[in-house]
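Subject: Structure for you to look at

Hi,

Here is the structure I promised to pass on. Have a look at it first, and then read on for what turned up when I went through it.

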Amino acid sequence: MIVQLVKKKRRELVYRNEPRYGITEFINKALVTSERSVCVVKDGEEIDQATLDATLRAYADIFNETMGTSTDGNELFDKLKAAFKKRHEEYAGSEKEFYGHYPFGIVFRDFREKLAELMTARDPKFLFSKLCDQQTDLKKQFDQTKGIADFISRAKNDYDAIRKFYDTQRDNIEALGPDMQEKADRIEQFLKNDDPRFDFRHIKPAYEEIRKALKEFTETLRAEVVSVYAEIFAELAQEAKKHGVNESGVYADEARTLDAIRKTEAITQLQ
């Protein structure tokens with residue numbers, strides 16, 4: 001009889017003040033003598049329509065989607081929990097891929113933690129109140145999470161290229177002028193930002209400028225070094241001929257040395 005009333009939402013099972021306790025779990029607890037006193041069956045609580053409507057408006061504002069209408073608090077409660085679970089699963093892959101590996105990964109972790117917190121609610125009135133009270137913060141959090149997911153879907157390759165370039169060329173960039181160094185500092189801050197969306201349109205051109213300047217600087221420096229070493233080898237060859245030295249290995253091999261210089265990327269080594 002009680003089970004049927006619970007299923008019809010006319011009764012509610014409470015265990016140790018925890019509302020909406022599962023039927024099977026409640027029965028198992030009630031069968032234990034020491035637990036029986038903390039197992040309570042109470043009348044299902046009616047939730048006024050104004051609260052339901054406010055909750056639906058809050059959900060629509062946060063997630064930019066409607067959930068239809070509802071006149072049943074328990075039904076709305078179940079629909080909300082299902083919606084939160086869907087969002088929680090939607091960003092599971094993003095958290096796994098990016099959290100701990102990219103600064104913006106924390107955004108996915110924090111949003112999923114907030115959803116998990118909402119999903120643990122057992123009392124409809126508590127959940128509705130929490131959703132309405134946190135409406136502004138939740139909307140901001142969802143918009144940021146969705147925005148970063150959209151950004152990464154179209155710009156991850158560029159982001160990774162910028163990060164790899166900065167990590168591998170950081171020492172070389174120091175050889176460039178102060179203007180390029182200032183751009184490099186902006187790239188460094190960008191790569192630490194947990195929301196890179198808005199700076200990306202400024203950072204990408206800065207990255208292209210630095211990459212071009214570094215390429216030109218390195219090629220010019222390398223050509224100069226090759227020219228200097230070529231002159232040195234020419235002088236050594238003349239001196240060897242002058243003194244009748246014909247043995248190989250007396251000084252470094254010219255072709256091998258010049259080839260190594262042409263392959264050198266580190267500006268400090270070229271200098």
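How many residues does the largest nonpolar core have, and which residues have the most contacts inside it? The core has 49 residues, and Leu80 and Phe84 are the ones with the most contacts within it. Helix 8 gives the most, with eleven residues.

One thing to keep in mind throughout is that this is a predicted model.

The overall picture

The protein chain has twelve helices and two strands. Along the sequence they come in the order α-β-α-β-α-α-α-α-α-α-α-α-α-α. Of the 271 residues in the protein chain, 36% are buried. If you take the contacts with a separation of 6 or more, 66% of them are between residues 24 or more positions apart.

Around Phe84 and helix 3

Back to phenylalanine 84 for a moment. Leaving out residues up to four places away in sequence, phenylalanine 84 touches Tyr59, Phe63, Leu115, Leu118, Met119, Leu127 and Leu131. Tyr59 and Phe63 also turn up among the buried residues of helix 3, along with Leu52, Thr55, Leu56, Ala58 and Ile62. Looking down the axis of helix 3, those buried residues fall within an arc of 160°, so they line one face of the helix. An α-helix has 3.6 residues a turn, so residues three or four places apart point the same way. On the other side of helix 3, Ala50 and Arg57 are exposed. As for partners, the buried residues of helix 3 pack against helix 4, helix 6, helix 7 and helix 8. The length of helix 3 works out as well: its 15 residues should span 21 Å at 1.5 Å a residue, and the end C-alpha atoms are 21 Å apart, which agrees.

In the loop between helix 3 and helix 4 you will find asparagine 64. Its phi is near 55°, a positive value in a residue other than glycine. Most residues other than glycine have a negative phi. At 69% relative accessibility, asparagine 64 counts as exposed.

Histidine 88

Helix 4 also holds histidine 88. Is histidine 88 buried or exposed? Its relative accessibility is 17%, so histidine 88 counts as buried. Apart from neighbours within four places in sequence, histidine 88 is in contact with Arg112, Leu115, Ala116 and Met119. Histidine 88 and alanine 116 are 28 residues apart in sequence, yet their C-alpha atoms are 7.2 Å apart in space.

Aromatic rings

The count of aromatic pairs comes to 16. One to look at is tyrosine 91 with phenylalanine 111, an edge-to-face pair with 5.9 Å centre to centre and 75° between the planes. Tyrosine 91 is in the loop between helix 4 (73–90) and helix 5 (92–98), while phenylalanine 111 is in helix 6 (residues 105–119), so the pair ties together parts that are 20 residues apart in sequence. Tyrosine 91 and phenylalanine 111 are both buried.

There is also a charge over a ring: the charged end of arginine 163 sits over the ring of tyrosine 102, 4.1 Å from its centre.

Helix 9 (residues 178–190) has 13 residues and reaches 18 Å from its first C-alpha to its last, close to the 18 Å expected at 1.5 Å a residue. Which residues of helix 9 are buried? They are Met180, Lys183, Ala184, Ile187 and Phe190. These cover an arc of only 110° around the axis, which puts them on the same side of helix 9.

Last, leucine 13 is in strand 1 (residues 11–15). At 4% relative accessibility, leucine 13 counts as buried. Leucine 13 and phenylalanine 26 are 13 residues apart along the chain, with 7.1 Å between their C-alpha atoms.

Cheers

Technical notes: Residues numbered from 1 in each chain as written. Predicted model: local features only at pLDDT ≥ 70, side-chain atom pairs only at ≥ 80, totals over all residues. Heavy atoms only, no water. Helix = DSSP H or I, 4+ residues; strand = E, 2+ residues; numbered from the N terminus. Expected span 1.5 Å × (residues − 1). Buried < 20%, exposed > 50% of the residue type's maximum accessible area, 1.4 Å probe, protein only. Arc of directions from axis to C-beta. Phe/Tyr/Trp six-rings, centres within 6.5 Å; stacked < 30°, edge-to-face > 60°. Lys NZ or Arg CZ within 6 Å of the ring centre and 35° of its normal. Contact = heavy atoms within 4.5 Å. Core = buried A, V, L, I, M, F, W, Y, C linked by side-chain atoms within 4.5 Å.
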